[in-house]
Amino acid sequence: MSLRISVVSSSMDLDVIGDWKRTHYSVDVKPEMDGCEVTLFGWVQEIRDLGALRFIILQDREGTIQVTVLRKKTSAEVLSKADALQKRFSIGVKGTVKKTDITPRGVEVIPKEIKIFNTAESPPIDICGKTLAKLDVCLDARALDLCREENIAVFKIQHKAVEAVREFLFARGFIEVHTPRFIGSATEGGAALFKVDYFGRDAFLAQSPQLYKEQLVMSLEKVFEIGPFFRAEESHTRRHLSEFVSIDIEEAFADAEDVMQLLEQLMHYVCKTVSEKCGRELAVLKYSVKVPELPFKRLTYDDVLEELKSEGIVIPWGEDIPTPVLRTLGKIHPYFYFITRWPKSARSFYIQPCADRPELTEGFDLMWRWIELVSGGTRVASKRLLVKQLEEKGLNPDSFRCHLQAFDYGMPPHAGWAIGLERLTMMLTGKKNIREVTLYPRDKTRLTP
RNA sequence: GCCCUGGUAGUAUAGUCCGGUCUAGUAUAUGCGGCUGUCGCCCGCAGGACCCGGGUCCAAAUCCCGGCCAGGGCGCCA
């Protein structure tokens, strides 16, 4: 990548913010404020110059508003500022709201004073959406790319979703916790871990908070964590990242069915909140979020295999369901559905076997179409069983000594799950590549910006 | 890691099959000029590109080989 650092010495005198305070965001300027004076801050999104008339579209994080400069009726000072403006200049405008029928929003602002806080180069990508650059090019200029209304909409929706999750879990007595990202040994099995140098010792970046959140149910009982985790898999897909955000919960004295009910209620609440409160953002994305009906379908692994058989697809019992088959399944069940009672061979060592059929587990996935959104289950609370299952998976119980110790002191029955936040955001925004819903995505080849 | 497809101005694309008026077309962006109601404003002018290396050939953006990068799929994984 060629990184050209250009420093243009602008001859322009920049303004200081002084005692100016924002009175309104762009979208809060309404026709009924006709005649009021407002102070707006933001960036020049677009300029349309008709000669005696210059339209400046001011953008802030909430939207845009038109600033109209009538050449004949404007002071020389304002005019010289208005003429100097270019795309992405950071500006402040003090002016009068004018009600009008000519703009789509019914308002424009007639400037009395303009401040230029910073100038800008001509942007390397089109942020107005006329000639949209490809994802890779956008990501290379991510800070600028994030100024696009569509991207602002994506991350405001994600913010609302996270807010709704916290609100929901707090209301049900869950305590938010923070477990370590540095871990001492690569033990959990499953995903490959990133190795880091920890004061001369080998350490690893955590792939999940699984073991810690289980330990915490014996003290805090109901916990959740929202944070980044790391997988060193060489995945090259639209739905995998090396660094992703997980929404993890663990609950004492609960089983899979309890946490599945919690989960479907949470999904309902998140969808409802986003569809009700993010109307403007969803409109920008030309997408809508359907509020799901409860309860979600619960298909057992055996049900799924039967169903696939009638589609002419045969999966050997005990095997995981391959991606192309999940796509087929997603067409049959085009919204939320659980897959429950997975075979032991397809689940982790910490998942509780079914009492009635020990070759099955109380593990489940929550699917959204063909994408695995959430994974969870009843956990093993018995140390003896846990050790047995570790051995069955070819893992060494010795390297789990610290974790297993917790099970000596009254580990309660417990269950939990983990939602992939980015996958949840894909579901809420209709985006088809996980990189689009990640501020600064990390994958096998991308480490910058 | 494997398979498929691709890489042309800042951005997005046409041209590549079938090598030759390609002096590389278009849109948008940029710069300059013009325009009194734009909202993908409009009009005129200007500058700006064939991923890198090797090969075939009289001749390569175009064909062949290698590399790098990207997109999609698979696997791994959540």
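Five elements each supply at least two residues of the surface near RNA strand B: β1 (37-49), β2 (53-60), α2 (135-140), α9 (323-332) and β15 (371-378). This is a predicted model.

**The surface near RNA strand B**
- There are 47 residues around RNA strand B. Asp49, Ile102, Arg238, His240 and Glu372 come nearest.
- By type, the residues of this surface divide into 18 charged, 15 nonpolar and 14 polar.
- Look at the RNA atoms within 4 Å of the protein. Sugar or phosphate accounts for 58% of them, and bases make up the rest.
- Lys444 reaches a phosphate: one of its polar side-chain atoms lies 2.8 Å from a phosphate oxygen of RNA strand B.
- Glu233 uses its side chain: an N or O atom there is 3.1 Å from a sugar or linking oxygen of RNA strand B.
- Thr131 uses its backbone: an N or O atom there lies 3.1 Å from a sugar or linking oxygen of RNA strand B.

**The open sheet**
- Eight strands form an open sheet with mixed pairing. Their order is β6-β10-β11-β16-β15-β14-β13-β12.
- β6 and β12 (297-300) stand at the edges. Each has a single partner strand, so one side of each is left without a neighbour in the sheet.

**Strand β10 and its neighbours**
- Strand β10 spans residues 222-230 and is mostly covered. Seven of its nine residues are buried.
- On one side, β10 runs parallel to strand β6 (residues 175-176), and two bridges join them. Here Glu176 has Phe224 of β10 as its bridge partner.
- β10 also pairs with strand β11 (residues 243-252), in the antiparallel sense, over nine bridges. One example is Phe229, whose bridge partner in β11 is Phe244.

**Helix α1: one side in, one side out**
- Which residues of helix α1 (residues 76-84) are buried? They are Val78, Leu79, Lys81 and Ala82.
- An α-helix has 3.6 residues a turn, so residues three or four places apart point the same way.
- The buried residues of α1 pack against β2, β3 (63-70) and β5 (107-118).
- The exposed residues Ala76 and Glu77 are on the face of α1 turned away from its buried side.

**Arg347, a buried arginine**
- Where is Arg347 found? It is in the loop between β13 (336-340) and β14 (363-368).
- Is Arg347 buried or exposed? Its relative accessible area is 11%, under the 20% cut-off, so Arg347 is buried.
- The side chains of Arg347 and Asp365 are joined by a polar contact of 2.9 Å.
- Leave aside the neighbours within four places in sequence, and Arg347 is in contact with Trp342, Thr361, Gly363, Phe364, Asp365, Ser375 and Lys393.

How values were computed
Residues are numbered from 1 along each chain as its sequence is written. Chains are lettered from A and ligands numbered from 1 in the order in which they are written. This is a predicted model: local features need pLDDT of at least 70, side-chain atom pairs count only at pLDDT 80 or more; totals for chains, interfaces and linings use all residues. Side-chain values use heavy atoms; hydrogens and water are left out. A residue is near a molecule or strand if one of its heavy atoms lies within 4 Å of it. A polar contact is a pair of N or O atoms within 3.5 Å; within protein, one must be able to donate a hydrogen and the other to accept it, and residues adjacent in sequence count only if both atoms are side-chain atoms. Helices (H or I, at least four residues) and strands (E, at least two) are DSSP runs, numbered from the N terminus. Ala, Val, Leu, Ile, Met, Phe, Trp, Tyr, Cys and Pro count as nonpolar, Asp, Glu, Lys and Arg as charged, and the others, Gly among them, as polar. Buried means under 20% relative accessible area, exposed over 50%, partly exposed in between (1.4 Å probe, protein chains only). Two strands pair if DSSP finds at least two bridges between them. Contact means heavy atoms within 4.5 Å.
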